[in-house]
Amino acid sequence: MDDYSKRILIVEDNKLDMRLLKDILEWRGHETLQTGDGLEAINLAFANLPDLILMDIQLPDISGLEVTRRLRGDERSRRIPIVAVTAFAMGWHEREALDSGCDAYLSKPITILGFLRTVESFLSDFPTSSPPASPTCGVPC
């Protein structure tokens, strides 16, 4: 990883959403780990200690909220920022996610700039200038 790169774990069971998040983050120079499985997400978090976790709430095996609670309950992962990224858009969904230990909440569909602002706000030593980029946007802007 270079000076700009951070390791981000994406927990998302929808393949199209996973691809979008992965492409945006890798376009920005970040390393990504991906899974659509909540239990695997816990193992990946413990093994890799990512700089940030993007957590879908509705997963097939256990909910993203339960994964978040388990990660918050373990010393190894307690301080990793977790951002809920979900199709659930009601106000009480956001409150439930925050109460479960998520640090922020983004509802789908995401906007690329809003998503990047949220992600970068949790990468505390992220530089104020962006890494060099090609003149055209590498993902839909």
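These questions and answers walk through the fold, helix packing and selected residues of a predicted model.

Mentor: Some ground rules on the model. Residues are numbered from 1 along each chain as its sequence is written, and side-chain values use heavy atoms, without hydrogens or water. Local features need pLDDT of at least 70 and side-chain atom pairs count only at pLDDT 80 or more, while totals for chains, interfaces and linings use all residues.

Trainee: In what order do the elements of the protein run from the N terminus on?

Mentor: Helices (H or I, at least four residues) and strands (E, at least two) are DSSP runs, numbered from the N terminus. The protein has five helices and five strands. Their order is β-α-β-α-β-α-β-α-β-α.

Trainee: What share of the 141 residues counts as buried?

Mentor: Buried means under 20% relative accessible area, exposed over 50%, and partly exposed in between (1.4 Å probe, protein chains only). By that cut-off, the buried share of the 141 residues is 45%.

Trainee: Which elements do the buried residues of H3 pack against?

Mentor: H3 spans residues 64-72, and its buried residues are Gly64, Leu65, Val67, Thr68, Leu71 and Arg72. They cover an arc of only 160° around the axis, which puts them on the same side of H3. The arc is taken from the directions from the helix axis to the C-beta atoms. Their packing partners are helix H2 (38-48), strand S3 (52-55), strand S4 (82-86) and helix H4 (91-100).

Trainee: Are H2 and H3 roughly parallel or roughly antiparallel?

Mentor: Axes are lines fitted to C-alpha atoms, for helices over the stretch in contact, and angles run from 0 to 180 degrees between N-to-C directions. The H2 and H3 axes come within 9 Å and cross at roughly 30°. Angles under 35 degrees count as roughly parallel, over 145 as roughly antiparallel, 65 to 115 as roughly perpendicular and the rest as oblique. H2 and H3 are therefore roughly parallel.

Trainee: How many nonpolar residues has the contact of H1 with H5?

Mentor: The axes of H1 (residues 15-27) and H5 (residues 112-121) come within 11 Å and cross at roughly 65°. Leu21, Ile24, Leu25 and Trp27 in H1 meet Ile112, Phe115, Leu116 and Val119 in H5. No polar and no charged residues take part; the nonpolar count is eight.

Trainee: Which residues on the other side of H4 are exposed?

Mentor: Start with the buried set of H4: His93, Ala97 and Ser100. Seen down the axis, they fall within an arc of 65°, so they line one face of the helix. That set packs against H3, S4 and strand S5 (104-107). On the other side, the exposed residues are Gly91, Trp92 and Asp99.

Trainee: Leu98 is also in H4. Which residues does Leu98 touch, not counting those up to four places away in sequence?

Mentor: Leu98 counts as partly exposed, at 28% relative accessibility. The residues Leu98 touches are Asp103 and Ala104.

Trainee: Ser77 is in the loop between H3 and S4. Is Ser77 buried or exposed?

Mentor: Leaving aside neighbours within four places in sequence, Ser77 contacts Phe46, Leu71 and Arg72. Its relative accessibility is 0%, so Ser77 counts as buried.

Trainee: What is the relative accessible area of Thr86?

Mentor: Thr86 is in strand S4. Beyond four places in sequence, its contacts are Asp56, Ile57, Tyr105, Leu106, Ser107 and Lys108. Thr86 is buried, with a relative accessible area of 1%.

Trainee: Which residue joins Pro109 through a cis peptide bond?

Mentor: Pro109 sits in the loop between S5 and H5. Omega of the cis bond is about 0°, and the partner of Pro109 is Lys108.

Trainee: What is phi of Leu49 near?

Mentor: Leu49 lies in the loop between H2 and S3. Its 46% relative accessibility makes it partly exposed. Leu49 is a residue other than glycine, yet its phi is positive, near 40°.

How values were computed. Contact means heavy atoms within 4.5 Å. Ala, Val, Leu, Ile, Met, Phe, Trp, Tyr, Cys and Pro count as nonpolar, Asp, Glu, Lys and Arg as charged, and the others, Gly among them, as polar.
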